[in-house]
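Subject: Structure for you to look at

Hello,

Here is the structure I promised to pass on. Please open it and read the notes below alongside it.

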Amino acid sequence: MSIDEVEIDWGNERLSRAQRAVEANTYDVDSWSLLIREAQTRPINEVRTVYEKLIAAFPTTGRFWKIYIEQEMKARNFEKVEKLFQRCLMKILNIELWRLYLNYVKETKCMLPTYKEKMAQAYDFALDKIGLDIHAYPIWNDYVTFLKSVDAVGSYAENQKISAVRKVYQRAVITPIIGIETLWKDYIAFEQGINTIIAERMAMERSREYMNARRVSKELETVTRGLNRNMPATPPTADREEMKQVDLWKKLISWERSTSFRGHSISGTTLCLP
């Protein structure tokens with residue numbers, strides 16, 4: 001569907017030129033940027049077709065889906081929001097897009113009697129899909145914070161809460177992500193707040209796996225430095241920055257193919273293509 005089919009009145013010649021430019025070349029990112037900035041200031045019903053054209057041109061660019069979904073959320077079009085998530089989440093491993101999904105669940109399901117269970121399921125779902133991403137620290141940390149905030153009445157409920165928090169911490173501290181050191185310190189402090197003897201035993205049991213994950217995270221941080229994972233996928237050109245990004249992707253793929261973590265290759269799991 002072409003943008004001009006909805007006859008959007010952009011209001012000035014610069015935006016009209018940008019519209020004509022993307023109609024002539026759907027991969028003109030600079031012109032798209034102008035249209036997106038303007039579209040974000042308008043009611044979603046006026047510009048929805050623009051967003052559909054945008055994600056048709058860049059179906060794997062998480063930040064474009066995120067902008068589109070945020071505008072539907074702003075208008076409280078929750079049915080449309082959920083359909084958009086269904087269209088993009090499973091194929092786009094973008095941290096900010098997944099965090100938006102979790103915030104959506106938190107904001108729209110908080111009044112339900114099953115809110116705690118639904119939120120935990122959403123976090124587990126997200127971490128199963130994107131928990132190995134090097135930038136997944138906010139999701140791990142948010143999950144722990146959420147579990148700690150849950151009211152627990154009685155010793156049984158309190159023990160269940162402790163077990164749930166411990167389970168997430170123990171997964172997080174052996175996952176190679178930026179911020180793993182902070183999670184390890186928080187986890188040890190958590191265990192010490194419960195029982196110092198148990199805390200010492202837990203630390204000894206997991207310190208080797210933690211150190212291995214920490215080592216891998218440092219390697220991964222180095223190999224991904226300079227990589228722009230928000231760069232929209234476009235047909236290849238001879239652009240210098242584009243060639244630099246291609247080289248960085250090749251470097252990451254080569255590293256992942258040669259790296260084993262907990263006995264498994266992590267290639268394809270941490271790779272979150274834009």
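Start with Arg42: its relative accessible area is 16%, so Arg42 is buried. Keep in mind that this is a predicted model.

Arg42 sits in the loop between helix 2 and helix 3. What does Arg42 touch, leaving aside its neighbours within four places in sequence? The contacts are Ile8, Asp9, Trp10, Gly11, Val47 and Gln71. Arg42 also has a salt-bridge partner, Glu38, at 2.8 Å from N to O. Glu38 is partly exposed, at 23% relative accessible area.

Salt bridges

The whole structure has 16 salt bridges. Glu72 and Arg48 form one of them, with an N to O distance of 2.7 Å. This pair links distant parts of the chain: Glu72 is in helix 4, Arg48 is in helix 3, and they are 24 residues apart. Are the two partners buried or exposed? Glu72 is buried, with a relative accessible area of 1%. Arg48 is buried too, at 18%.

Compare the bridge between Glu205 and Arg201, at 3.3 Å from N to O. These two are 4 residues apart in helix 11 (residues 196-223), so about one helical turn separates them. Glu205 is partly exposed, with a relative accessible area of 42%. Arg201 is also partly exposed, at 42%. Elsewhere, Glu181, Arg214 and Lys218 are joined in a network of salt bridges.

Aromatic pairs

There are 16 aromatic pairs in the structure. Take Tyr27 and Phe58: their ring centres are 6.0 Å apart and their planes meet at 75°, so this is an edge-to-face pair. Tyr27 is in the loop between helix 1 (13-24) and helix 2 (29-39), and Phe58 is in the loop between helix 3 (44-57) and helix 4 (62-74), so the pair ties together parts 31 residues apart in sequence. Tyr27 is partly exposed, at 34% relative accessibility. Phe58 is buried, at 1%.

Phe85 and Tyr101 also pair edge-to-face, with 5.5 Å from centre to centre and 75° between the planes. Phe85 belongs to helix 5 (residues 78-88) and Tyr101 to helix 6 (residues 95-109), so this pair ties together parts 16 residues apart in sequence. Phe85 is buried, with a relative accessible area of 5%. Tyr101 is buried as well, at 16%. Both rings belong to one aromatic cluster, made up of Phe78, Phe85, Trp98, Tyr101, Tyr104 and Phe125.

Leaving aside neighbours within four places in sequence, Phe85 contacts Ile69, Leu97, Leu100, Tyr101 and Tyr104.

The C-alpha centres of domain 1 and domain 2 are 36 Å apart. From the records, UniProt places the feature "domain: Suppressor of forked" at residues 15-259, in an unreviewed entry. Over residues 15-259, the chain is 75% helix and 0% strand. The end C-alpha atoms of that stretch are 47 Å apart.

Best wishes

Terms used: Residues are numbered from 1 along each chain as its sequence is written. This is a predicted model: local features need pLDDT of at least 70, side-chain atom pairs count only at pLDDT 80 or more; totals for chains, interfaces and linings use all residues. Side-chain values use heavy atoms; hydrogens and water are left out. Rings of Phe, Tyr and Trp (its six-membered ring) pair if their centres lie within 6.5 Å; planes under 30 degrees apart count as stacked, over 60 as edge-to-face and the rest as tilted. Buried means under 20% relative accessible area, exposed over 50%, partly exposed in between (1.4 Å probe, protein chains only). Contact means heavy atoms within 4.5 Å. Domain bounds come from an automatic or database domain assignment. UniProt positions are given in the numbering used here, feature names are shortened, and annotations may be inferred rather than shown by experiment. A salt bridge is a side-chain nitrogen of Lys or Arg within 4 Å of a carboxyl oxygen of Asp or Glu.
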